[in-house]
Amino acid sequence: MFHFQKSITGVMDIDKLWTMYSDVCNWCRWDKNVKSVRLFGDFKVGSHGVMQMKEGLELPFRIEECTEKQSFIVSSALGPINVTFGHSLKRTDKDITITHTITVTGDN
């Protein structure tokens with residue numbers, strides 16, 4: 001298993017941030033590894049799509065969890081390997097902490 005996590009805290013508008021997350025066709029604007037994304041359905045649990053990575057790999061994905069203005073998780077099954085991308089927002093009175101995670105499980 002491989003797990004990576006990165007968090008950043010700052011003052012930002014959570015409505016604008018969630019709009020950016022839920023607009024999957026524009027994920028390539030904030031994720032430098034993504035070339036394009038297609039989503040078949042609404043931004044909700046059970047919807048699926050395809051991420052075209054800059055290096056050419058196409059990752060089919062499914063939205064596994066989605067709680068508006070709090071978090072969403074997408075997963076991509078690649079044969080015996082599963083890659084999970086987590087995105088969470090935690091609010092305090094003054095700011096928001098954004099945490100992105102990547103977890104890879106499956107055969108070594």
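A residue is counted as buried when its relative accessible area is under 20%, and in this predicted model 31% of the 108 residues of the protein chain count as buried. The protein chain exposes about 7,000 Å², of which carbon and sulfur atoms supply 52%.

The protein chain contains one helix and seven strands, and its elements follow the order β-α-β-β-β-β-β-β from the N terminus on. Its radius of gyration is 14 Å, close to the 13 Å that the globule rule gives for 108 residues, so the protein chain is as compact as a globular protein of that length. The C-alpha trace spans about 45 × 30 × 25 Å along its principal axes. Among the contacts with a separation of 6 or more, 34% are accounted for by residues 24 or more positions apart.

The largest nonpolar core comprises 22 residues, and the members that touch the most others are Trp27, Phe43, Met51, Phe61 and Leu89. At least two residues of this core are supplied by each of several elements, namely helix H1 (14-22) and strands E2 (34-40), E3 (48-53), E4 (58-67), E5 (71-78), E6 (81-91) and E7 (96-106), with the largest share, four residues, coming from H1. When residues up to four places away in sequence are not counted, Trp27 touches Met20, Tyr21, Val37, Phe43, Met51, Phe61, Phe72 and Val74.

Serine 47 is found in the loop between E2 and E3, and it counts as buried because its relative accessibility is 6%, where the cut-off is under 20%. A polar atom of the serine 47 side chain lies 2.6 Å from the backbone oxygen of aspartate 42. With residues up to four places away in sequence not counted, the residues that serine 47 touches include Leu39, Phe40, Phe61 and Ile63.

Notes
Residues numbered from 1 in each chain as written. Predicted model: local features only at pLDDT ≥ 70, side-chain atom pairs only at ≥ 80, totals over all residues. Heavy atoms only, no water. Core = buried A, V, L, I, M, F, W, Y, C linked by side-chain atoms within 4.5 Å. Buried < 20%, exposed > 50% of the residue type's maximum accessible area, 1.4 Å probe, protein only. Contact = heavy atoms within 4.5 Å. Polar contact = N/O pair within 3.5 Å; in protein donor to acceptor, adjacent residues only side chain to side chain. Rg over C-alpha atoms; globule rule 2.2 N^0.38 Å. Areas by Shrake-Rupley, 256 points an atom, 1.4 Å probe, with all protein chains shown as cover.
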